[in-house]
Amino acid sequence: MKIKSENIENIGVLRLEGELDASTAIDVDKAIKLHLEKGKKHLIIDGAKLDYISSAGIGVFVAYLEAVQENNGKIAFCALTPSVLSVFQMLGIDQIMTIVDDEQSAKTNLFES
Amino acid sequence: MFGKEFNISLALSFLIASLCFFALFMAQSANSFEWSNIALSLDSWESGTCLSLGYLFAYLGIASLMARIEFDSVNQLFGYLILGGLCCFSLLFIFYEAKNSLFVLIGLDQTHDTISSFFEKLIVTTSFFLFSLSSILSIKKLVFINRIRSEIAFWNVFEVFLLILLFRSSLNLNIPALDPCLLAFGTLIMAWLITKVRWVALLNQKKILTLVFLLCIIGLFISFLNVFSNAFIIKEYQDVFILIDEFYLIFPTYITISAFTYVCFSFLATLFNMPISNVIEQKEHDIKGFKELSSLMGQEITGDSLLQSKKRQNWQNALFDRLFDLCLKNTGADGGFLYIEDNSGKYKGGPFYKGVNENKILDILALFKQDVLRFEEIYEAKLKQDHRKSKMPFQFESLYAHSLEFKSAPSKVKGRFAENKKQLGYLFLFKKYPNGFDQYMLRLLRAYIKQALIAIHNAERLDYVIESDRLRNEMKIAQKIQNKLIPELTKEMGHLKVSTYYQPASEVGGDYFDCIYKAPNKQLFVIADVSGKGINAAFHVAKMKGIFQSLTAMDLDLEKILNHCNNSVKACFEKGVFISLIILDVDQKKRTLNWARAGHCPILFWDDAKQKLSELEGPGIGLGITNEVLFKKSSKVQSKQYQENDFFVLYTDGVIEARNNKKEEFGLQRLKNSLIKNKDKNVEILKMGLIEDLNNFRKDETIFDDLSVIIIKSE
């Protein structure tokens with residue numbers, strides 16, 4: 001699992017590559033924490049190269065959801081692969097987090113809010 | 001073995017020998033002070049008796065002295081070489097001197113008649129050949145202290161040469177250039193032979209001193225003999241040699257010269273080896289240190305955990321104590337300390353220090369850890385302060401110290417050993433003088449520390465094994481408990497036939513299913529999947545079961561049950577944990593299904609009339625993901641009628657996400673196909689067919705998520 005962290009204004013971007021499961025979730029957790037500690041309001045998760053996500057992987061985002069929302073922020077996922085997207089839809093994550101097709105729409109979405 | 005009697009015999013031998021020589025000396029001094037006249041003062045047979053007895057007892061004295069000294073295998077061989085030579089020559093002298101006395105006693109003419117000449121020849125040749133044989137055997141053993149292939153070949157050449165020489169000695173041949181050739185070759189071989197004194201290196205200083213002492217005694221004995229020989233015997237001996245033909249002497253002479261040269265060379269080698277023998281001894285000592293550390297390694301630590309930890313502590317202390325002692329002694333350090341830390345950096349080691357004030361250890365370490373100064377400087381700075389206070393037991397004028405931080409050996413075992421290079425402690429050694437620690441010592445120290453670390457590492461691995469054993473046992477208990485959480489569902493409930501399958505990915509799993517019998521015709525099925533897996537998820541399953549059982553006992557409708565479940569999960573479970581769930585309420589009388597989905601895989605419904613397998617979809621967010629308002633908004637209870645031969649399948653995502661070795665997922669389509677294939681069969685066959693298809697698909701690939709399936713068929 002590879003994690004690339006980027007900063008765009010008040011948005012923390014995480015580009016995930018590979019499989020996000022219980023063991024790699026710890027690293028993603030650290031990366032998110034780092035963004036929030038830096039005072040980032042929103043998070044964009046680029047899942048273009050994310051092949052698989054387990055329930056523990058989703059748990060990381062769920063855990064930070066409230067903290068981000070309390071800060072009037074949002075967590076947006078972009079460019080998710082079909083298999084990951086179907087997992088998100090099944091769990092109803094799409095109803096509480098923003099899921100868009102590409103990074104640009106994610107940014108637009110976040111800036112609008 | 002050599003008791004009092006032996007000491008007495010030793011003293012007696014020397015006493016009698018001295019008396020014999022003294023008698024001769026007195027007889028001589030009575031007439032004249034000229035040694036050369038000594039023979040004239042006595043009858044030849046009297047002097048012969050005295051001399052032969054003198055030789056005999058002097059020989060006995062030396063022999064018993066050699067037996068008295070404790071030899072080990074190496075210098076014993078050398079001792080034999082010298083003793084063999086002495087023995088033969090003494091035999092020659094003794095018999096020769098005793099001969100005249102014997103002749104007088106038995107009334108034979110002392111002149112060289114046939115008998116006496118034969119007798120003399122016999123003595124001389126026997127002595128020489130005995131000497132040759134014993135010398136060769138002893139030298140051979142010494143040369144081959146450690147056998148080397150090339151040397152064996154060379155020795156064989158030497159033996160062949162000796163045979164040729166013996167042959168030459170036995171025959172009076174007159175071949176020109178034979179003797180010079182033999183001489184040249186013999187010299188070459190002798191040159192090779194005298195370099196084979198490897199055994200000298202095996203002697204320690206004490207043994208070398210013993211050997212030198214012995215050789216000096218023998219030297220004295222021989223010079224003593226020479227005095228008398230020169231005085232009056234030599235001429236007679238020369239007569240003896242004249243008796244024997246010259247060619248006979250070639251072999252014994254060569255052997256004598258070889259043996260003598262070998263002994264002399266060995267003596268020189270021994271002398272030159274003296275200064276470095278303690279280096280070898282030191283090395284032996286160092287190796288002994290390794291053996292000691294290794295023997296501590298071998299000690300087994302078993303027993304119950306409490307006893308074990310106490311034993312471990314004692315063992316570790318013994319190991320560190322030994323390590324410190326070895327490092328101190330084998331580097332000749334004047335002082336030092338070994339400081340052992342626990343994981344948090346607190347002082348844990350026993351009192352492993354020498355020549356340092358215990359209270360100062362921490363100060364020294366603190367300065368060292370700051371890494372501001374090199375240790376020598378730190379200590380010197382420290383010393384200046386201490387010098388004023390005069391608190392140091394050692395007043396170092398100048399010093400050099402070396403420190404080695406030792407870390408536990410990196411391991412290939414996954415887990416904490418591999419991840420953490422634990423700092424175990426510090427070793428400091430001091431010497432009074434600068435440059436006290438050479439490279440060899442530093443290498444030795446590192447090697448000792450490494451050895452000790454291996455011991456600790458092994459002990460930790462043993463701990464790890466014991467711990468994982470304990471965990472395995474506890475996991476078994478957890479497994480038993482969890483198996484009770486997942487109920488065995490009744491296979492027949494009215495017109496419904498039920499079959500279930502459950503397979504956790506590890507010992508315990510994060511899947512949960514259950515069935516509540518609300519009335520004979522009303523059943524409430526639930527299937528849930530807790531996020532994560534393993535023991536963590538298993539605990540959440542236990543909690544979930546508690547929540548679910550309590551809520552269903554309150555006879556609430558599905559929506560309320562779900563809402564309460566969401567609130568409970570949100571409140572009781574840690575952040576990030578969520579549960580996907582489906583509740584299915586079956587009313588057999590009305591043949592209706594009511595269901596609500598909370599982020600779980602939809603129910604698969606086989607409509608037998610339409611011959612169609614569909615997913616009973618619906619909105620819904622997983623439990624514990626969102627707040628009450630959003631959850632309520634998204635959740636929806638739905639209904640559907642069912643008929644005879646219809647069946648519904650509840651499953652967890654582990655089924656569709658099961659992978660084969662190509663990393664392909666089993667997927668929803670394969671699941672559907674498998675069910676459709678057996679749609680007309682009973683639930684057991686439906687289930688078995690599905691399991692078989694799943695197993696055929698993934699083959700030997702292990703499952704990484706829990707698998708749960710409930711198949712309910714209306715018959």
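**Entry 1: a helix pair in chain B**

The model is predicted: local features need pLDDT of at least 70, side-chain atom pairs count only at pLDDT 80 or more, and totals for chains, interfaces and linings use all residues. Residues are numbered from 1 along each chain as its sequence is written, chains are lettered from A and ligands numbered from 1 in the order in which they are written, and side-chain values use heavy atoms, with hydrogens and water left out.

I noted that helix α19 covers residues 667-677 of chain B and helix α20 residues 683-698 of chain B; their axes come within 9 Å and cross at roughly 140 degrees. Therefore α19(B) is oblique to α20(B). Angles under 35 degrees count as roughly parallel, over 145 as roughly antiparallel, 65 to 115 as roughly perpendicular and the rest as oblique. The axes are lines fitted to C-alpha atoms, for helices over the stretch in contact, and angles run from 0 to 180 degrees between N-to-C directions.

Which residues of the two helices meet? I found Arg670(B), Leu671(B), Ser674(B), Leu675(B) and Lys677(B) in α19(B) against Leu686(B), Gly689(B), Leu690(B), Asp693(B) and Phe697(B) in α20(B); contact means heavy atoms within 4.5 Å. I sorted the residues of this contact into five nonpolar, two polar and three charged.

**Entry 2: chain A as a whole**

I recorded five helices and five strands in chain A, where helices (H or I, at least four residues) and strands (E, at least two) are DSSP runs, numbered from the N terminus. From the N terminus on, the order is β-β-α-β-α-β-α-α-β-α. Of the 113 residues in chain A, 50% are buried (under 20% relative accessible area; exposed is over 50%, partly exposed in between; 1.4 Å probe, protein chains only). Among contacts in chain A with a separation of 6 or more, 70% join residues 24 or more positions apart.

**Entry 3: two positive phi values**

Most residues other than glycine have a negative phi. I looked for exceptions and noted Glu9(A), with a positive phi near 50 degrees. Glu9(A) lies in the loop between β1 (2-8) and β2 (11-20) of chain A, and counts as exposed because its relative accessibility is 62%.

I also noted Arg591(B), whose phi is positive and near 50 degrees. Arg591(B) sits in the loop between β9 (579-587) and β10 (592-598) of chain B. Its relative accessible area is 23%, so Arg591(B) is partly exposed.

How values were computed: Ala, Val, Leu, Ile, Met, Phe, Trp, Tyr, Cys and Pro count as nonpolar, Asp, Glu, Lys and Arg as charged, and the others, Gly among them, as polar.
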